[in-house]
Every structure is written in C-alpha cells, then in structure tokens.
Amino acid sequence: MRAADDLLVDTGFQAVTVGSIADRAGVSKQTIYRWWRSKIDILLDVLEEDLRDTASWPARTESAPAALVEHVTRLSGVFTRSSTGRVLFVLIGHALQDATTAAALRKHVLDPQRGQDRARLRAALASDSPGTLPRQEADQFLDLLAGPVFYRAFMTGRPTDPRFAERLVATLLTCRPGTPPDPAPTADPIP
C-alpha cells in the first residue's frame with residue numbers, strides 16, 4: 001500500500017498500474033492480485049488507512065471552538081499538503097467517471113469517516129452545551145464545516161490560514177443548525 005501511495009505522488013494516477021506497484025513494492029503482480037482486484041482497490045485501502053491516521057480529531061481540547069478549529073486546520077492540511085489528499089482527489093475524480101468506484105469510495109471510506117466525524121463533533125459540542133446533537137443536524141454541521149475547506153483546497157490548492165478556520169468555526173457556532181437565529185435588533189425610534 002505504501003508503494004501505491006508513493007507511486008501516485010511520484011508519477012501521477014495514469015502511470016500507476018498494478019505492475020508498477022508490484023515493482024515498487026518488490027513483489028509479484030500475483031501477490032497483489034491475491035489481495036486486490038485493481039489499482040483502485042489498493043488506493044481505496046490506502047485512503048482508508050491514511051484518513052484514520054491523518055484526519056483524526058484532536059484528542060482533547062479546552063473547548064468546542066478550539067476542537068473545531070484544530071480539526072479544520074488538520075483537514076485543510078490533509079487536503080493540500082499530504083499524499084492522503086492526493087489519493088482522495090484522484091479517487092473522487094475517478095468516481096465521477098465510474099459508479100462502482102463511487103459506491104466503493106462512499107461505502108468503505110467516506111461513510112465510515114463521516115460516522116467517526118459525527119461522533120467526534122457531537123462529543124466536542126456536548127462539552128460546551130447540554131444535549132446531543134441529532135444526526136441530521138450533525139451531518140449538516142459537518143457539511144458546513146468541511147465544505148469550505150474542501151472547496152478552498154480544490155479551487156486554490158492552498159490550505160486555510162488560522163484566521164479562516166477561526167472565522168469559519170465562529171460563524172458555524174453562531175448559526176449552528178437547529179438553533180434559532182438571534183432575534184433582529186429593534187430599531188431606535190426616529191425622533
């Protein structure tokens with residue numbers, strides 16, 4: 001799996017083949033085919049393992065805002081500065097052309113990651129406010145949290161800066177899904 005990851009970064013997706021992975025890993029193609037059907041299957045396993053290592057949430061922080069800012073910062077780094085991000089973007093691109101890859105990416109990688117993210121988000125928010133965030137609201141919050149980070153990484157290739165992460169989190173906590181907005185301020189009467 002490391003050989004596939006390294007090869008993707010070094011040569012790009014088109015140059016990665018089961019044969020080139022076997023050569024890089026120092027094993028036979030038959031050995032690879034015993035475990036995986038294709039280079040896509042290998043990259044899905046690479047991504048699953050890498051996300052577990054690189055996209056984890058902070059173990060403990062002093063507050064929900066601090067935990068969320070740290071998570072946004074880590075996620076931004078994953079998308080822009082790591083081989084994990086490169087594998088993710090390659091698989092997303094391939095998934096757009098291949099329904100089987102899209103289904104496998106969601107089922108084996110993205111859905112389990114989202115479940116972990118949901119649980120960690122609920123735990124972070126529960127530390128600052130009572131009650132459990134319902135699943136639908138947690139999913140909306142995750143979309144609003146990760147969406148801008150993903151968009152920025154995809155559109156610019158640059159990570160978010162600390163101020164961006166802080167403003168994003170502050171905005172989301174102020175407008176948290178399921179929380180009614182603050183009432184509009186009353187205007188001063190005109191003299």
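This is a predicted model: local features need pLDDT of at least 70, side-chain atom pairs count only at pLDDT 80 or more; totals for chains, interfaces and linings use all residues.
Local features need pLDDT of at least 70, side-chain atom pairs count only at pLDDT 80 or more, and totals for chains, interfaces and linings use all residues. Residues are numbered from 1 along each chain as its sequence is written, and side-chain values use heavy atoms, with hydrogens and water left out. The chain has nine helices and zero strands, where helices (H or I, at least four residues) and strands (E, at least two) are DSSP runs numbered from the N terminus.

**Whole chain**

- Of the 191 residues in the chain, 39% are buried; buried means under 20% relative accessible area, exposed over 50%, and partly exposed in between (1.4 Å probe, protein chains only).
- Contacts (heavy atoms within 4.5 Å) between residues at least 6 apart in sequence join residues at least 24 apart in 61% of cases.
- The accessible surface comes to about 11,400 Å², and 55% of this belongs to carbon and sulfur atoms; the areas come from the Shrake-Rupley method with a 1.4 Å probe, and for residues only the protein chains shown count as cover.

**Helix α4**

- Helix α4 covers residues 39–54, and its 16 residues reach 22 Å from first C-alpha to last, close to the 22 Å expected at 1.5 Å a residue; the expected span is 1.5 Å times one less than the number of residues.
- Its buried residues include Ile40, Ile42, Leu43, Leu44, Val46, Leu47 and Leu51, and also Lys39, Asp41 and Asp50.
- The cover over the buried residues of α4 includes α1 (2–11), α2 (18–25), α3 (29–35), α5, α6 (83–97) and α7 (99–126).
- At the start of α4, a side-chain oxygen of Ser38 comes to within 3.3 Å of the backbone nitrogen of Ile40. A polar contact is a pair of N or O atoms within 3.5 Å; within protein, one must be able to donate a hydrogen and the other to accept it, and residues adjacent in sequence count only if both atoms are side-chain atoms.

**Helix α9**

- The 13 residues of helix α9 (residues 162–174) should span 18 Å at 1.5 Å a residue, and the end C-alpha atoms are 18 Å apart, which agrees.
- Ala165, Leu168, Val169 and Leu172 are buried in α9. Seen down the axis of α9, its buried residues fall within an arc of 95°, so they line one face of the helix; the arc is that of the directions from the helix axis to the C-beta atoms.
- These buried residues of α9 pack against α5 (64–81) and α8 (135–156), while Arg163, Arg167 and Thr174 are exposed on the other side.
- At the start of α9, a side-chain oxygen of Asp161 lies within 3.1 Å of the backbone nitrogen of Arg163.

**His71**

- His71 lies in helix α5 and counts as buried at 4% relative accessibility.
- Leaving aside residues up to four places away in sequence, His71 touches Ala55, Ser56, Trp57, Pro58, Asp117 and Leu145.

**Aromatic pairs**

- The whole structure holds five aromatic pairs. Rings of Phe, Tyr and Trp (its six-membered ring) pair if their centres lie within 6.5 Å; planes under 30 degrees apart count as stacked, over 60 as edge-to-face and the rest as tilted.
- The rings of Phe79 and Phe150 have centres 5.4 Å apart and planes at 90°, so this pair is edge-to-face. Phe79 in helix α5 and Phe150 in helix α8 are 71 residues apart.
- Phe79 is buried at 11% relative accessibility, whereas Phe150 is partly exposed at 28%.
- Phe89 and Phe154 have ring centres 5.9 Å apart and planes at 35°, so this pair is tilted.
- Phe79, Phe89, Phe150 and Phe154 form one aromatic cluster.
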